[in-house]
Structure formats: structure tokens, C-alpha cells
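Reader: I am new to reading protein models. Could you take one part and walk me through it slowly, then show how it sits in the rest of the chain?

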Amino acid sequence: MTRFAIIIASGLFLSGCSILFPEDPREGQELNEECPARVAGLLGPTTGFAQYTEEMGVATFTFDITKMAFGDMQRLMVDGSDDTAGSRAMAATNEASTAVDVFMQTPVDEKGTFFTGRDPALYRVRGGLQPKSTMIASGCARQQEGMRLVMIDVGPVPPEPGPEPETPETTPDNAHSQNESQ
């Protein structure tokens with residue numbers, strides 16, 4: 001009778017483990033069909049993505065890399081990527097949530113920047129100029145195993161570089177007038 005009670009109790013306990021300790025959805029590979037639906041739910045009406053009204057823009061993708069293997073994380077690092085951005089944000093504040101906010105406001109480039117050592121560990125990288133309608137699919141395509149797209153920020157199209165303004169050269173004729181204006 002005691003054995004029967006122990007078997008029933010352990011069976012109930014094991015079935016309750018998934019309720020008490022659910023599987024972390026950041027682990028493993030997310031299917032291509034699942035990512036866009038999940039991300040669209042994250043990018044509600046209060047996000048910068050939803051409020052951006054232009055057709056074209058430059059997206060900054062933020063990924064949760066907490067469950068990513070260390071070797072895979074190292075492959076994300078390229079020459080010039082900023083692996084100290086998260087450390088600087090933590091040193092500037094004593095609150096992890098404030099440090100994440102500071103990190104999220106930091107401009108990034110195509111080489112990426114990292115916030116590690118805390119949960120969530122984050123990786124932010126700027127994408128190229130693209131239509132807003134393709135940004136979610138583009139961010140989902142960048143995902144790797146253990147990595148989840150959690151935010152897309154959109155910036156305006158950068159202005160075309162124009163000709164540099166000409167500066168008047170100092171000649172003996174205008175040197176006197178330039179000295180008087182200073």
C-alpha cells in the first residue's frame with residue numbers, strides 16, 4: 001500500500017513539474033512560421049515599430065541570446081562589434097532594468113553590440129535599408145538556435161550625403177576681414 005501511494009504521489013509530482021517548471025521557449029530552434037506571429041504580438045501599438053509610418057526605414061533588431069550556446073554567441077562577434085556595451089551600461093547604474101534601458105537607447109551599427117552577464121542577455125544589430133513590411137521576416141531570418149527576436153526599432157532613411165560645403169580660403173585679400181570678424 002505504501003508503494004502504491006509513493007507511485008501515485010511521484011506520478012502526480014512529475015506531471016506537475018511542467019506546470020511548476022515550464023520549458024523555456026527561448027531554447028532550441030524556433031520554426032520559421034512561428035517567429036513572425038510571435039514577434040507581431042510583441043510589436044504592439046506603443047512600440048516604435050508600430051508608430052513608424054514611413055514605407056522604408058533602417059531596422060535595429062534586438063535578440064534575446066540568454067539561451068544561446070557560448071560558441072554560437074562568439075560567432076556573432078565580428079571585428080568591431082561592441083562586446084563591452086552591456087558592461088558599460090551596468091557600470092553606469094546599479095539597477096539591471098535601468099542598464100537594459102540605457103543599452104536599448106544606445107545606437108548600434110551593422111557589427112552589433114552585446115548585453116551579457118544578466119538575464120536577459122541581449123544582442124542588438126542594425127540591418128540595412130528595407131521596406132517596413134519586410135522587417136519582421138528579415139529579423140526572424142537572422143535568428144539562430146537559442147536566439148529570439150524580441151524587438152525591432154526603426155529609424156528614418158539616412159539622408160543622402162551631399163557635397164561638402166565650400167569654405168572660403170584665407171588669402172591676403174580676405175585675411176584682414178576674417179581677422180576682424182573673429
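Author: Start with the largest pocket. In this predicted model, about 190 Å³ of space lies in that pocket.

Which residues line the largest pocket? Thr-60, Asp-101, Met-104, Gln-105, Thr-106, Pro-107, Val-108, Arg-124, Met-151 and Asp-153 do. Sort them by class. The lining has 4 nonpolar, 3 polar and 3 charged residues.

Now sort the lining by element. Helix α6, residues 96–105, and strand β4 each supply at least two residues. The largest share comes from α6, with 3 residues.

Next, follow the lining to a residue it touches. Take Thr-113. Thr-113 lies in strand β2, which covers residues 113–115. Is Thr-113 buried or exposed? Its relative accessibility is 4%. Buried means under 20%, so Thr-113 counts as buried.

What does Thr-113 contact, once neighbours within four places in sequence are left aside? The list is Asp-82, Ala-85, Phe-103, Val-108, Leu-122, Tyr-123 and Arg-124. Look for pocket names there. Val-108 and Arg-124 are contacts of Thr-113, and Val-108 and Arg-124 also line the largest pocket.

Tyr-123 is on that list of contacts too. Tyr-123 sits in strand β3. Tyr-123 has 7% relative accessibility, so Tyr-123 counts as buried. Residues up to four places away in sequence are again not counted. Tyr-123 then touches Phe-61, Thr-62, Phe-63, Ile-65, Leu-76, Lys-111, Gly-112, Thr-113, Phe-114 and Met-147. Pick Thr-62 from that list. Tyr-123 and Thr-62 are 61 residues apart in sequence. Their C-alpha atoms are 5.7 Å apart in space.

Val-39 is then in contact with Ile-136, Cys-140, Leu-149 and Ile-152. Go back to Thr-113 for a moment. Its contacts include Ala-85, Phe-103 and Leu-122.

Gly-146 is found in the loop between α7 and β4. Gly-146 has 2% relative accessibility, so Gly-146 counts as buried. Gly-146 and Ile-65 are 81 residues apart along the chain. Their C-alpha atoms are separated by 6.4 Å.

Now step back to the whole chain. How many helices and strands are there? The chain has 8 helices and 4 strands. From the N terminus on, the elements run α-α-α-β-α-α-α-β-β-α-β-α. Buried residues make up 31% of the 182 residues. Consider contacts between residues at least 6 apart in sequence. Of these, 73% join residues at least 24 apart. Last, the surface. The accessible surface comes to about 12200 Å². Carbon and sulfur atoms hold 57% of that surface.

Key
Residues numbered from 1 in each chain as written. Predicted model: local features only at pLDDT ≥ 70, side-chain atom pairs only at ≥ 80, totals over all residues. Heavy atoms only, no water. Buried < 20%, exposed > 50% of the residue type's maximum accessible area, 1.4 Å probe, protein only. Contact = heavy atoms within 4.5 Å. Areas by Shrake-Rupley, 256 points an atom, 1.4 Å probe, with all protein chains shown as cover. 1 Å grid on protein atoms, 1.4 Å probe; cavity = no way out; pocket = protein on both sides within 12 Å on 5 of 7 lines; lining within 4 Å. Points joined across faces, edges and corners; volume = space filled by probe spheres on them. Nonpolar A, V, L, I, M, F, W, Y, C, P; charged D, E, K, R; others polar.
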